[in-house]
Each structure stands twice: as C-alpha cells, then as structure tokens.
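Hello,

Here is the structure I promised to pass on. Please have a look, then read my notes below.

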Amino acid sequence: MTETLLTINPGSATIKLGLFARDAAGPRPLGLARFDQGASSLSIEAGATRVEYRLPVPASPAAAIALALARLADHLPLGRLAAIGQRVVHGGDAFTGPIVITDAVLGEIAALAALAPLHQPKSLEMIGALKSLYPDITQIACFDTAFHATQADLVRRFAIPRALFDQGVKRYGFHGLSYQSVVRALEQAAPALAGARVVAAHLGAGASLCALEGGVSRDTTMGFSTLDGAPMATRCGAIDPGVLFHLMRAGGQSADALETMLYHQSGLLGLSGVSGDARVLAQSDAPSAHEALEIFAFRIARETAALAATLGGLDGFVFTGGIGEHQPDMRARICARLAWLGVALDARTNRAGRLRIEAAESRVAVLVIPADEEHTIAVQCETILDREAGART
C-alpha cells in the first residue's frame, strides 16, 4: 500500500488539506481539498476530478477537518499515512525548522498563541482533533516564522529598550511556507531570478511581502504579530501606536476591544464598510470600496519600495496568494505605482494570468506564482521522516 502524507493548512479564511504519495523523487501530489469557512463549501481536486460540496456549517475547525477528510476519502485512497504535516503560524525563536509534535512541543506552540490569535488556536485545535482521529500517526509542525530566521538583527530589532529583544519582542515575519514555495518555483521556472533580488507579495485575506536575495529572506513586512505591514481583509496593517493610546485613554477602549477591532473590523472591511473580500469590493459601486482597493494598492507599493531599499535594488516581483493570483486589476494597480522602479506590465499576459506578465520594456521581471504551501509542508515532513529513519539505522 502506498505511503502517504497528509498536510493541513489553516489560513485566515480557508482550511486546505493536501494528500501526497511518498516517492523516491519526493512527495507527489495526489489531491487537494479546500474548505471555505465563510461559504461552508468544500472543493476537491484530484487529477482530472473537480468536485464541490456544500457542507453543513461545522461547529469548529476540528469538525471541518473531519467533514473534509470524509469527503476526501470518497475520491482518494488515503493509503497508509506516514505523517500529518501541520502549518503552524508562529514558532517564535524556539522553532527554526519542522519538528515532530510531542507534548512538550505542543506546550511551546500553545505558549505562542497570544502572538497569533487568529491562527495559533486553530492549529492547536486541529492538532488535537487529528490526534484523536489518528492517534498513532506522527504529526509534524511546519512553521511560517522559520523561513525568516535568516534575517539580520538589524532588520528584526524594534527601536525600543534592548532588553525587550532578548525577551522575544522582535520582528518574526510570517507566510514563510508560501515564500519558500515561491523560491522553489523560481528555481524551476526562472533560475536566474532565484539568485537575484526579488520581492514576493503574498496577497490574500492575510497579506505580507518578503525581500528575497538568492532565495533567502532578508526582510518582510509582518513583524512581531500578524497585524503588521500592509492592510489585509480585516486586519489593520501598520498603525501608529499613538492611535491605540488615544483610543484607550480618550475612548475608554480595553485591550480586548482594541484587539477585536484591529484583527476583525479593520483592513479592507474597516476602510470600505462593505466587505473584507477584495472580490466583493471590485464589484461594488460604493466610493468607499474603490478607495479601500486604492489604499491597499498604495500600501503594497510603498512596502515594496521599502523592501527594495533593504535589497539595494529590485530584479523581480512575484504575486502570490488569492488576490495576487486571481485579480489582474489589483496587479495592474500595484504595478502602476511601481513604474518609477522600472516595473511595466503587459496588459494581455496580466489579464491571462501567465507566469511572466511584465512588458518587454520592463526593467523588473513580474511573475504570478500560485502559492503551494501544501507541497512545502510535505517536503518538510519528508525531511523529518528521512532523518528519523536514518537515526534508526
């Protein structure tokens, strides 16, 4: 029976499940299921098979996983599971690579929940649910923060008392599994760029950008938490801390109320008053919806310029994530604001969503690369399993 790897990727708005066969050449994708929590829909892709289900609203992410796995098993033989790989957003300084989830590791992951309140509790719940479903299967944590451990302290320090850095108050960065998948795709499709200065933009319900040099993370827009950087679907992005003092003192708001506002009521939703979904805003006639999209594009371009300063120039720009992959109008808005950096877009290839979408005269390569965090997780799981097998021989 074929050995398989199951990957679990809880995002801001979706939960993705990947199934991979263990082959000598590396993990081979068998199928992908995507559970949209907002629409309570499940789509499954397995070879030529494309199916979609409307599901009852699950009581929890764990219930969603159980439903998704049951449907996935209708279309794909799960085989003999060798391991389950879990995307975990925050690894802090403790985890700079994948690791088998033991009780001690689980405790350290739980201790970081306050730094990623949208994601970490969901991952903890799923780890528990899958332990109940598959108690004898190894679970492996793959961390979004790990990819950014290569950044210099010059980049990671805040201008606050030095002792706080030693206590863990620093810039960590996120979406690392996505950026690692971008690096792998560049190595295969554009090897010259893989070794160059590239800004990758993961634009979805959560959004960040990363400065890559030779495939290594040098800087990124998210910092200590997943709030920092560009505006997102419902998260504010970078904000003057003085605003928060004002709202606490003059507005009487508690820390809990501010956290709710900054994580759940801000970003595109707060700017527009219409929706946090960029697709909905693109179809809206409301002036505030148009303004929200313009602010989003402006802030992405501004963050790109800052990251180009870290790199000392810009050779390539990569769009990935739901917005980056599927919204050509937003790609055009952003690139128009980067024209001064030498970015020029080809309207036809941009509309078609091709791999390369820059115009012939562009001094910067512009690419659209689908995020493939699931394969990155599977590769990391394979690395751990191979290491453990080697240790036993």
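Is Arg54 buried or exposed? Arg54 is exposed, with a relative accessible area of 64%. Here buried means under 20% relative accessible area, exposed over 50%, and partly exposed in between, with a 1.4 Å probe and protein chains only.

Some ground rules. This is a predicted model, so local features need pLDDT of at least 70 and side-chain atom pairs count only at pLDDT 80 or more, while totals for chains, interfaces and linings use all residues. Residues are numbered from 1 along each chain as its sequence is written, and side-chain values use heavy atoms, with hydrogens and water left out.

The sheets

Arg54 sits in strand β5 (residues 49-54). Its C-alpha atom is separated by 6.4 Å from that of Leu42, 12 residues apart along the chain. Helices (H or I, at least four residues) and strands (E, at least two) are DSSP runs, numbered from the N terminus.

An open sheet of eight strands runs in the order β5-β4-β3-β2-β1-β6-β8-β7, with mixed pairing. Its edge strands are β5 and β7 (99-100), each pairing on one side only. Two strands pair if DSSP finds at least two bridges between them. β7 and strand β8 (residues 138-143) run antiparallel, joined by two bridges. Ile99 has Ala141 in β8 as its bridge partner.

Elsewhere, strand β12 (residues 316-320) pairs with β13 in the parallel sense, over four bridges. Val318 is opposite Leu367 in β13. In a regular strand the side chains alternate between the two faces of the sheet. In β13 (residues 365-368), Ala365 and Leu367 point one way, Val366 and Val368 the other, and all are buried.

The cysteines

There are zero disulfides (pairs of cysteine sulfur atoms within 2.5 Å). The sulfur of Cys142 is 4.5 Å from the closest cysteine sulfur, in Cys381, too far for a bond. Cys142 is buried, at 0% relative accessibility. Cys236 also counts as buried, at 14%.

Of its 22 lining residues, the closest to its centre are Phe224, Ser225, Leu227, Leu244 and Leu262. α9 gives the largest share of the lining, six residues. A pocket is an open set of points on a 1 Å grid over the protein atoms alone, where a 1.4 Å probe fits, with protein on both sides within 12 Å along at least five of seven lines; lining residues have an atom within 4 Å of a point.

Best wishes
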